[in-house]
Amino acid sequence: MSDARGIGVGEAHGKVILLGEHSVVYGRPALAAGLPRGASARAMDAEGESSLHVTPWDVTVTPRDERSLGKAFGVLLEAACVERPVRIEARVDLPGGSGLGSSAALGVAVLRAIDALRGVERDDASALEVSLAWERVFHGNPSGVDNAMSIAGGLAWYVRGRAIERVRARRAIPLVIGDSGEACSTKITVGEVARQHEKSPERMEKQFDAIAAIVRNGRLAAEQGDLKALGQLFDMNQSLLAGMLISTATLEEMIGVARAAGAYGAKLTGGGGGGCMIAVTEDRAGAEKVRAAIEEQCGKRAFVALVGGDQER
């Protein structure tokens with residue numbers, strides 16, 4: 001519901017894919033986690049045309065705007081059956097185009113703010129459907145995992161087309177998230193993997209099956225609190241992703257520095273082709289050491305997040 005000032009407020013999580021990106025597009029499972037940081041939005045009634053302003057990008061769009069953000073805003077308003085003009089002020093606390101689900105978090109936060117303003121109570125399935133319409137404008141054929149995690153947070157097992165399944169980690173997972181500074185496009189990398197699948201379907205299906213086995217073992221490792229095993233599975237998943245030619249020299253350098261600084265394992269996260277990498281360590285102190293190594297040796301921004309355990313929720 002809106003507050004006494006007639007303002008609806010919405011928030012949403014960012015996400016990291018721990019294991020299983022790309023193979024999830026082809027029906028295999030992924031293990032993903034919501035991030036404490038994400039996006040927030042405030043919705044107000046407006047005169048004239050609806051508008052969306054996003055900080056820190058300092059961008060304002062309307063549904064008639066030809067830019068992707070404007071198109072997505074228009075699609076969301078139509079999918080949510082919004083008839084009266086609204087003014088949205090939103091903030092994104094994630095780097096854009098980095099594999100952390102910034103666009104999905106923004107879409108979910110905007111939808112929740114509008115629903116709060118209008119007094120609409122929407123279940124997670126409906127929120128996923130509407131926010132996916134927004135997401136398709138940016139990413140073409142998204143798996144839906146970004147939106148599902150933006151809505152739910154926590155740690156989850158995700159298979160495309162199904163409701164997410166909660167996974168309870170025995171303890172919080174200390175992650176280092178490093179931003180390569182290279183803009184990535186999930187739409188482009190998903191398309192690249194699709195071309196490889198079209199050219200060599202049997203080989204790629206075997207790759208996806210191998211990743212699915214890694215994901216299943218990763219879930220067990222998280223449930224048992226075996227972070228060393230989880231790190232080893234990170235490394236195995238990264239080898240397969242690099243074989244799909246979606247890693248970059250910068251990501252590989254950051255991954256190597258993280259491992260040398262004591263991480264149990266490291267990999268890219270999200271679509272690849274740039275964006276972010278993640279590394280898992282035994283505890284927060286170890287994670288801070290890896291973060292410092294990435295920033296000092298690679299000159300890249302990094303931060304620490306505890307995901308999946310009670311501390312994250």
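Predicted model: local features only at pLDDT ≥ 70, side-chain atom pairs only at ≥ 80, totals over all residues.
Residues are numbered from 1 along each chain as its sequence is written, and side-chain values use heavy atoms, with hydrogens and water left out.

Let me begin with the inside. In soluble globular proteins, nonpolar side chains tend to be buried together. By a nonpolar core I mean a set of buried Ala, Val, Leu, Ile, Met, Phe, Trp, Tyr and Cys residues joined through side-chain atoms within 4.5 Å; buried stands for under 20% relative accessible area, exposed for over 50%, and partly exposed for what lies in between, using a 1.4 Å probe and protein chains only. The largest nonpolar core here has 89 residues, and the members that touch the most other members are Leu18, Leu52, Ile88, Val110 and Ile173. Helix 2, residues 102-118, gives the largest share of this core, with 9 residues.

Now to the backbone. Thr55 and Pro56 are joined by a cis peptide bond, with omega at about 5°, and Pro56 sits in the loop between strand 3 (51-55) and strand 4 (59-61). His22, in the loop between strand 1 (7-19) and strand 2 (30-45), is a residue other than glycine with a positive phi, near 75°. Cys81 also has a positive phi, near 55°, and is placed in the loop between helix 1 (68-79) and strand 5 (86-92). Is each of these two residues buried or exposed? His22 is buried, at 5% relative accessible area, whereas Cys81 is exposed, at 54%.

Let me finish with charges. A salt bridge here is a side-chain nitrogen of Lys or Arg within 4 Å of a carboxyl oxygen of Asp or Glu, and the structure holds 20 of them. In one of these, Glu49 pairs with Arg64, and their closest N and O atoms are 2.7 Å apart. Glu49 belongs to the loop between strand 2 and strand 3, while Arg64 belongs to the loop between strand 4 and helix 1, 15 residues apart. Glu49 is partly exposed, at 33%, and Arg64 is exposed, at 63%.

Asp179 forms a salt bridge with Arg301, with 3.3 Å between the closest N and O atoms. Because Asp179 lies in strand 8 (residues 173-179) and Arg301 in strand 11 (residues 301-307), this pair ties together parts that are 122 residues apart in sequence. Asp179 is buried at 11%, whereas Arg301 is exposed at 61%. Finally, a network of salt bridges links Arg284, Glu288, Arg291 and Glu295.

How values were computed. Helix = DSSP H or I, 4+ residues; strand = E, 2+ residues; numbered from the N terminus.
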